[in-house]
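Open the model in your viewer and follow the selections below in order.

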Amino acid sequence: IARTIQEVDRLILTKGYPTGISFDHDLGLEQPTGYHIAQGFCAVDMDGDFMPKGFWFIVHSMNPIGAKNITTYMNNYLKHKKSL
């Protein structure tokens with residue numbers, strides 16, 4: 001479990017990319033959102049193709065707009081990645 005972007009970075013550096021992730025949008029006041037974490041995952045992957053084949057995600061956020069934004073962003077990225 002990672003609740004901040006710093007914890008996400010630490011986990012990726014120590015354990016590598018996960019096979020899947022469950023995103024929450026709202027991570028606390030003055031914190032980046034789950035959307036920002038999704039963007040970071042994709043940006044790092046674009047630089048080095050780190051996402052494992054079959055990478056999956058779910059969004060468990062109670063924020064409907066934030067959840068839709070993460071879902072749309074990730075679906076678009078994974079669709080693009082598949083087309084390469």
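Select F23 and F57: both are buried (under 20% relative accessible area, with exposed over 50% and partly exposed in between; 1.4 Å probe, protein chains only). This is a predicted model, in which local features need pLDDT of at least 70 and side-chain atom pairs count only at pLDDT 80 or more, while totals for chains, interfaces and linings use all residues. Residues are numbered from 1 along each chain as its sequence is written, and side-chain values use heavy atoms, leaving out hydrogens and water.

Next, select Y35 and Y73. Their rings make an edge-to-face aromatic pair, 5.4 Å centre to centre with 70° between the planes. Rings of Phe, Tyr and Trp (its six-membered ring) pair if their centres lie within 6.5 Å; planes under 30 degrees apart count as stacked, over 60 as edge-to-face and the rest as tilted. Y35 lies in helix α2 and Y73 in helix α3, so the pair ties together parts that are 38 residues apart in sequence. Helices (H or I, at least four residues) and strands (E, at least two) are DSSP runs, numbered from the N terminus.

Now select α3 and colour its buried residues: G66, A67, I70, M74 and Y77. They sit on the same side of α3, because they cover an arc of only 110° around the axis, taken from the directions from the helix axis to the C-beta atoms. On the other side of α3, the exposed residues are P64, I65, K68, K79, K82 and S83.

Finally, go to the start of α3, where a side-chain oxygen of N63 comes to within 3.2 Å of the backbone nitrogen of I65.

Key. Polar contact = N/O pair within 3.5 Å; in protein donor to acceptor, adjacent residues only side chain to side chain.
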